[in-house]
Structures are given as structure tokens and as C-alpha cells.
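Colleague: I have some questions about how you label things. Can we go through them?

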Amino acid sequence: MGPTKVIIKDGGLYDAVSDKLIKDGFANRRELEDYVNHHYLVLPVIDNAGRPWQLDGKPVYCLHGVQYETVDDQKVHLARCPDCGGMGIRSDEFTVESDCIRCTVCGNEFDTRLEMMET
């Protein structure tokens with residue numbers, strides 16, 4: 001059982017599964033994020049432009065560093081685009097030497113294994 005997955009709607013925090021209001025009345029994004037960080041809550045992943053990641057119309061959450069899940073606790077294999085912060089999905093092309101990932105926002109193709117080796 002992980003943290004409660006929440007969404008932001010009308011300036012308030014709502015449970016992503018039940019759609020029940022958790023808390024509202026936040027003055028700004030920083031106050032909202034501070035509240036989330038001090039309670040057992042998690043917000044959807046956002047790209048560098050502030051747009052939330054969505055997979056099949058559902059928000060995506062990052063748990064435990066690089067483990068991504070949907071609202072219904074389905075684990076999905078995604079990666080953050082190094083250029084725009086968008087959601088990267090593995091390409092359908094099967095190659096042995098590469099693990100190509102394509103960003104759904106900017107179309108950038110990258111290989112997370114190569115980037116980890118370079119750093």
C-alpha cells in the first residue's frame with residue numbers, strides 16, 4: 001500500500017480514485033506541494049512545462065524513484081525525457097543492442113541505459 005494518489009482540481013486536492021476532496025484553499029502551487037510532501041500523498045508526474053503525464057487518459061505517478069504507476073496501481077515502464085521532461089514510452093522496435101524510448105511530447109528518442117552509462 002503506497003501513498004494516496006491525488007489530483008489537483010479547482011485549486012484543491014482530490015483523491016484520484018474516489019474523487020473525494022482531501023483539502024482545498026491553497027494559495028499557490030508551492031503551498032499545495034508542501035502539503036503533499038508532509039502527508040502521505042503523491043501528485044501526478046508533470047513535464048517541464050507543468051503538464052501532467054497521462055497514459056490512456058489516466059494520470060501517471062512516480063513512486064520509489066523511477067517506478068511509475070497509474071491510478072489503478074498498474075506498474076508501467078516509462079522514462080522521463082531528458083529534453084522536455086515529457087513521458088517516454090518504449091518503442092515497439094525490438095533490437096538487442098538498444099532500449100529505445102520515444103517522448104510523447106517532443107518526439108525525442110533516447111536510450112536510458114546509454115545515458116546512465118554516460119553519467
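Modeller: Let's start with a network of salt bridges: it links Lys 5, Glu 69, Asp 73 and Lys 75. Keep in mind that this is a predicted model.

Colleague: What makes Lys 5 and Glu 69 a salt bridge?

Modeller: The cut-off is 4 Å between a side-chain nitrogen of Lys or Arg and a carboxyl oxygen of Asp or Glu. For Lys 5 and Glu 69 the N to O distance is 2.8 Å. That is within 4 Å, so the pair counts as a salt bridge. Lys 5 belongs to strand β1 (residues 4-9) and Glu 69 to strand β7 (residues 67-70), 64 residues apart.

Colleague: Are Lys 5 and Glu 69 buried or exposed?

Modeller: Both are buried. The structure holds eight salt bridges.

Colleague: How far apart are the closest N and O atoms of Arg 29 and Glu 33?

Modeller: They are 2.7 Å apart, and the pair forms a salt bridge. Arg 29 and Glu 33 are four residues apart in helix α1 (residues 29-37), so about one helical turn separates them.

Colleague: Why is Arg 29 called partly exposed?

Modeller: Its relative accessible area is 37%. Buried means under 20% and exposed means over 50%. Arg 29 falls in between, so it is partly exposed. Glu 33, at 31%, is partly exposed too.

Colleague: Which residue forms a salt bridge with Arg 102?

Modeller: Glu 109 does, with the closest N and O atoms 2.4 Å apart. Arg 102 has 37% relative accessibility, so it counts as partly exposed. Glu 109 has 41%, so it is also partly exposed.

Colleague: Why does Cys 100 count as buried?

Modeller: Its relative accessibility is 19%. The limit for buried is under 20%, so Cys 100 counts as buried. Cys 62 has 26%, so it is partly exposed.

Colleague: How many disulfides are there?

Modeller: The count is zero. A pair of cysteine sulfur atoms would have to lie within 2.5 Å.

Colleague: How do you know that the charged end of Lys 9 sits over the ring of Tyr 14?

Modeller: The charged end of Lys 9 is 4.8 Å from the ring centre. The distance limit is 6 Å, and there is an angle limit of 35 degrees from the ring normal as well. The distance of 4.8 Å is within 6 Å, so that part of the test is passed. Lys 23 lies over the face of Phe 26, at 5.7 Å from the ring centre.

Conventions: Residues numbered from 1 in each chain as written. Predicted model: local features only at pLDDT ≥ 70, side-chain atom pairs only at ≥ 80, totals over all residues. Heavy atoms only, no water. Buried < 20%, exposed > 50% of the residue type's maximum accessible area, 1.4 Å probe, protein only. Helix = DSSP H or I, 4+ residues; strand = E, 2+ residues; numbered from the N terminus.
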